[in-house]
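Subject: Structure for you to look at

Hello,

Here is the structure I said I would pass on. My notes on what was found in it follow below.

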Amino acid sequence: MLIDFQTLKSQAKGIQKNNFKKAKIAILGNYTTQFLAKSIEYSGLKHSLEFEIYNAEYDQIESEIYDLNSGLYNFNADFVFITISSLKLQSKFYALSAEKKASFCRDYITDLTNLINVLNSRIKTKIIINNLEILNDQVFGNFYAKVDQSFVSNIYDLNAGLLQLARTFDNLYLFDLNGLIQYYGTRHIRDWSQYVNADLHYSLDFHAAISEKLVAFIGAFLGAIKKCVIVDLDNTMWGGIIGDDGLQGIQIGSLGIGKSYTELQKWIKQLKERGVIVAVCSKNTESIAKEPFEKHPEMVLKLDDIAVFIANWENKADNIRAIQQILNIGFDSMVFLDDNPAERAIIRQNLPAVCVPELPEDPALYLDYLKSLHLFETASFSTGDKDRTKQYQEEAQRQQLQFTVTNIEDYLKSLQMEIVIEPFDPMDIPRIAQLTQRSNQFNLRTIRYSEVEIRDMATDSSNYFTCSVKLKDKFGDYGLISVLILKRLNSESLFIDTWVMSCRVLKRGVENAVVNYCVALAKNNGFHQLVGEYISTAKNDLVREHYPSLGFADKEGFWHLDVQNFKPLIHYIN
Amino acid sequence: MDILNDVNAIFRDVLENDDLVITPDTTSADVEEWDSLNHIQLVVSIEKHFKLKFSANEIRNWKNVGEMCDAISLKLSA
């Protein structure tokens, strides 16, 4: 059940670091965090992330933050994880007078707010704090809610206060420790004899559980995100085999163990609403496989929810490759759900980057198991996310049109594209930050920005020019698909700090329209040249030749474009 | 002496030293890697391997590997 610390350790030891993403994490805890530090390092390696960790001395949260000469300020952390054990809090609380107990939560949140303000005034970082373990000391029993000096009352209030803090500070995130404790059960997260002997606040193995969840979250900030869930149908989305059992025979909803599948479908539907793409990959005759989606009253998922529907008798690895082609996302951002161990093994063998959860045999346990894997951590959410499925369906229609038109110019003209390029609109900032965090392929320098950083640049007009690019065509609205951040290098040169674009609009001429816009922008502001840079990563080979293909000239590793002698590039976008 | 063999294997695994040989007389002073953090990992691994749970007092009172093995043997026969 609980992931094993020793197993995590040996898994990590066998991993070769190969071009891993790097990040620096500072851990400030009110308890001993050596095991946590190790465990975070191991979990990182498992997720192809290389962490440098600063583990502050035991119970030094305040001094690390207040003291300008502390190790924390020497370290330059990308993430500061402030981890608070309720056990420790409890012993401090017990030492207080009745009066101080009653104001404990207020005082604590005031202190914490102050700490965060000080930290934010000194360094730019992301702060993650765990919500507090609901530790019921049973002093007031169930009467706790009536007593402002009960510890349990204070813990609940503190958690509400933390939630408020996370809403107040853009760079503060709450780690759901309670969710994790609830999943494993209080009896498994602590070893009381180790607590007594070694002041170990959590069991050895629970440290591994914390790090697995934390690293999944931190990974999301670094671009390691699952964007798509591909589902098998028979005995995965419903009980039974649609081809044999027929519409009335499959178990879904109230029939048989249908509830297992209904609950799973409901969850997937919620993920889809959040922006996760849902695709189907099933060994079936397509028309039969689609029947339940069209006709079964208890199906939660409808055809509208499915971005790509593949049902045939080919092998599933090829079908997943086809899905990948249409969606144009990395295999490592895909999750594949299938009840059949043999199918799972084929995918693991052929497409090792695809995440293939080892579903339990009992369908009743599917959902609980999937939720325990922290697969769909995200570091952003924008309201446009829920439209993503529609966009992929429109893409499938475009691909059909492409077959009927013979040359590319006619095709591009027939799309009747319209583009809007403008400085960042405050409303778009979540989506803009998300593009910088999620884009891997069409990303020239792969610098990830948070919403706060984006907002800062958008308002710093003396140093930055920002462009967001929105595109639509006759099939639908792509929304915001490209982001550029241009930085003033000196009076002559404008540097393209960031250029990311959604791969859905490749080969439409968007790049040409954007360069024309940027050249005009540079000219109007008195610059002589645009300067671009390509920083190679494991994933952005697509844009290796990006700048030369747009007419930029190589100068000592940077790409220069003279804006005076520039001839506008051809495109078919209005 | 099956217990000592198993315990030795656990020591090698946790302390990441494949050549380590322990005897009943070995103490933490004799093994460089055997610090307080690794001690916790050793106890947890031994508890898992032998499917038993030590009390706070038992963990505290061991003076050497021999006493550790005695405690295991006592629990297994109980």
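A:K126 sits in strand β4 of chain A, which covers residues 126-130. Please keep in mind that this is a predicted model. With a relative accessible area of 16%, A:K126 is classed as buried, because the cut-off for buried is under 20%. Leaving aside residues up to four places away in sequence, A:K126 is in contact with A:D78, A:F79, A:V80, A:N171, A:Y173, A:F221 and A:S450.

The surroundings of A:H374

A:H374 belongs to the loop between α18 (366-371) and α19 (388-404) of chain A. Its relative accessible area is 16%, so A:H374 is buried. Beyond residues up to four places away in sequence, A:H374 touches A:L180, A:E212, A:K213 and A:A216. A polar atom of the A:H374 side chain is 3.4 Å from the backbone oxygen of A:S372. Between the C-alpha atoms of A:H374 and A:S461 there are 40 Å in space, for a separation of 87 residues in sequence.

Salt bridges within chain A

Over all chains, the search of the whole structure gives 32 salt bridges. One of the contacts of A:H374, A:E212, forms a salt bridge with A:K46, at 2.9 Å from N to O. A:K46 is in helix α2 of chain A and A:E212 in helix α12 (residues 204-221), so this pair ties together parts that are 166 residues apart in sequence. A:E212 is buried at 13% relative accessible area, whereas A:K46 is partly exposed at 32%.

A second pair is A:R190 and A:E133, whose side chains meet in a salt bridge at 2.7 Å, N to O. A:R190 lies in the loop between α10 (186-189) and α11 (192-198) of chain A, and A:E133 in the loop between β4 and α8 (151-168), so parts that are 57 residues apart in sequence are tied together. Both A:R190 and A:E133 are buried. There is also a network: A:K269, A:K272, A:E273 and A:D305 are joined by salt bridges that share partners.

The contact between chain B and chain A

How many residues does each chain give to the contact? Chain B gives 17 residues, and chain A gives 17 residues. The area buried between the two chains is about 1,400 Å², and carbon and sulfur atoms account for 50% of that area. On the chain B side, B:L37, B:I40 and B:Q41 supply 38% of the area buried against chain A, more than any other three residues.

Between chain B and chain A there are eight residue pairs in polar contact, counting pairs with both residues at pLDDT 80 or more. The elements of chain B that give two or more residues to the side touching chain A are α1 (2-15), α2 (36-50) and α3 (56-61). Of these, α2(B) gives the largest share, eight residues. By class, that side of chain B holds eight nonpolar, three polar and six charged residues.

Five salt bridges are counted between chain B and chain A. In one of them, A:D4 pairs with B:K48, with the closest N and O atoms 2.6 Å apart. In another, the side chains of B:E16 and A:K13 meet at 3.6 Å, N to O. That pair runs from the loop between α1 and α2 of chain B, where B:E16 lies, to helix α1 (residues 5-13) of chain A, where A:K13 lies. B:E16 is partly exposed, at 44% relative accessibility.

Single residues to check

A:S48 is not a glycine, yet has a positive phi of about 60°. A:S48 lies in the loop between α2 (34-46) and β2 (49-55) of chain A and is partly exposed, with a relative accessible area of 37%. B:K51, also a residue other than glycine, has a positive phi near 50°. B:K51 is in the loop between α2 and α3 of chain B and is exposed, at 76% relative accessible area.

B:N5 is in helix α1 of chain B and is exposed, with a relative accessible area of 51%. The C-alpha atoms of B:N5 and B:I22 are 8.9 Å apart, and the two residues are 17 residues apart along the chain.

Regards

Conventions: Residues are numbered from 1 along each chain as its sequence is written. Chains are lettered from A and ligands numbered from 1 in the order in which they are written. This is a predicted model: local features need pLDDT of at least 70, side-chain atom pairs count only at pLDDT 80 or more; totals for chains, interfaces and linings use all residues. Side-chain values use heavy atoms; hydrogens and water are left out. Contact means heavy atoms within 4.5 Å. Buried area is the accessible area (1.4 Å probe) that two parts lose on being put together, summed over both. A salt bridge is a side-chain nitrogen of Lys or Arg within 4 Å of a carboxyl oxygen of Asp or Glu. A polar contact is a pair of N or O atoms within 3.5 Å; within protein, one must be able to donate a hydrogen and the other to accept it, and residues adjacent in sequence count only if both atoms are side-chain atoms. Helices (H or I, at least four residues) and strands (E, at least two) are DSSP runs, numbered from the N terminus. Ala, Val, Leu, Ile, Met, Phe, Trp, Tyr, Cys and Pro count as nonpolar, Asp, Glu, Lys and Arg as charged, and the others, Gly among them, as polar. Buried means under 20% relative accessible area, exposed over 50%, partly exposed in between (1.4 Å probe, protein chains only).
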